[in-house]
Amino acid sequence: MKNYNELYSTKVYKDALAFALKAHKEQKTPEGLPYSFHICSVANEIINSLSMHNISYDKANIAIACALLHDVNEDTSTIVSKNTLKLENIDSVVAGVAALTKDETLGTKQEQMKDSLNRLVKQPYCVQMVKLADRITNLAPAPLFWNKAKRQSYVNEAKLILDTLKDSNDYLASKLQYKIENYAIELDDNYIVFTNENSQLILDKSHKNYLKTFKAINRLNEYLNHSLFNSWTNINKDRLEEYKNNLDINYIKSNINKNDEKVQNFLNKIDTDVII
């Protein structure tokens with residue numbers, strides 16, 4: 001039952017957060033923070049908007065619950081449903097989370113985004129708000145490994161989200177517009193350098209297959225418990241001469257078990273043209 005002057009239910013917040021934390025387990029953000037940092041940030045954007053843009057108590061609870069749960073279906077093995085979660089307005093929350101979840105059977109990320117937005121426009125405004133809040137949160141400084149093309153693509157997506165859902169909440173729409181206008185796209189660093197004790201492996205961030213290659217090498221390194229490289233960092237072109245002792249791709253192949261199917265999948269994603 002709503003208490004006097006309550007904008008939203010703290011019980012709904014805690015119940016949805018507890019469910020999300022169990023689902024996301026040890027997942028991290030790109031910055032290495034617990035995933036709770038992201039979902040709580042999205043929920044906080046929703047809560048902040050409540051004083052700026054009046055919506056009903058029930059709709060506020062739906063928006064907050066969807067904010068906390070919005071990545072569960074997409075990023076975990078758990079599904080938000082009436083059978084897995086007991087929550088007020090659960091039917092609306094389940095439908096909202098489903099609309100916020102990309103259909104990964106579609107061919108490209110662009111198709112997945114457009115499909116999700118097409119489903120979101122059929123949802124109540126309180127659910128659409130979550131997508132605005134999510135992209136506001138994600139338009140923090142980009143992860144260090146993103147190149148210019150990825151940053152530009154992310155801003156273009158944000159513009160599409162804003163154009164599609166701007167009527168759902170004036171405050172969140174204005175904040176997202178500000179984030180888009182002030183997002184740093186240009187890079188001061190042009191290369192990623194993977195390092196071990198003796199040598200470096202340098203990737204050209206301007207290469208069209210750079211991101212796929214970076215992710216494959218980084219995840220291969222994690223899978224092998226960092227036996228290949230100790231760390232990675234960014235450099236600009238002027239510092240390239242500092243890293244002359246480069247590794248050949250054969251070094252990677254000679255230091256891993258190529259019979260491991262997961263390792264082989266990583267290797268198949270590595271584009272040797274990206275490597276200097």
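This dialogue goes through several features of a predicted model and how each of them can be read.

User: What should be kept in mind about the model and its numbering?
Analyst: The model is predicted, so local features need pLDDT of at least 70 and side-chain atom pairs count only at pLDDT 80 or more, whereas totals for chains, interfaces and linings use all residues. Residues are numbered from 1 along each chain as its sequence is written, and side-chain values use heavy atoms, with hydrogens and water left out.

User: How many helices and strands does the chain have, and what does its C-alpha trace span along the principal axes?
Analyst: Helices (H or I, at least four residues) and strands (E, at least two) are DSSP runs, numbered from the N terminus. The chain has 12 helices and 3 strands, and its C-alpha trace spans about 65 × 40 × 30 Å along the principal axes.

User: What share of the chain is buried?
Analyst: A residue is buried under 20% relative accessible area, exposed over 50% and partly exposed in between, with a 1.4 Å probe and protein chains only. Of the 276 residues in the chain, 48% are buried. Q177, in helix 9, is partly exposed at 32% relative accessibility, and its C-alpha atom is separated by 30 Å from that of H207, 30 residues apart along the chain.

User: Which residues touch the most other members of the largest nonpolar core?
Analyst: In soluble globular proteins, nonpolar side chains tend to be buried together. A nonpolar core is a set of buried Ala, Val, Leu, Ile, Met, Phe, Trp, Tyr and Cys residues joined through side-chain atoms within 4.5 Å. The largest one here holds 82 residues, of which I46, L69, L203, L220 and I252 touch the most other members. Helix 3 (residues 57-69) gives the largest share of this core, 9 residues. A second, separate core has 6 residues, including Y191, I202, L240 and Y243.

User: Why is helix 7 described as largely enclosed?
Analyst: Helix 7 is largely enclosed by the rest of the structure because 12 of its 14 residues are buried, among them C126, M129, L132 and I136. What covers these buried residues includes helix 2 (36-50), helix 3, helix 5 (90-100), helix 6 (109-120), helix 8 (148-165) and helix 9 (170-181). In the loop between helix 6 and helix 7 is Q123, which is buried with a relative accessible area of 17%.

User: Which residues line the second largest pocket?
Analyst: On a 1 Å grid over the protein atoms alone, a pocket is an open set of points where a 1.4 Å probe fits, with protein on both sides within 12 Å along at least five of seven lines, and lining residues have an atom within 4 Å of a point. The second largest pocket is lined by K212, K215, A216, R219, K262, N265, F266 and K269. Helix 10 (210-223) and helix 12 (261-269) are the elements that give two or more residues to this lining.

Note on methods. Contact = heavy atoms within 4.5 Å.
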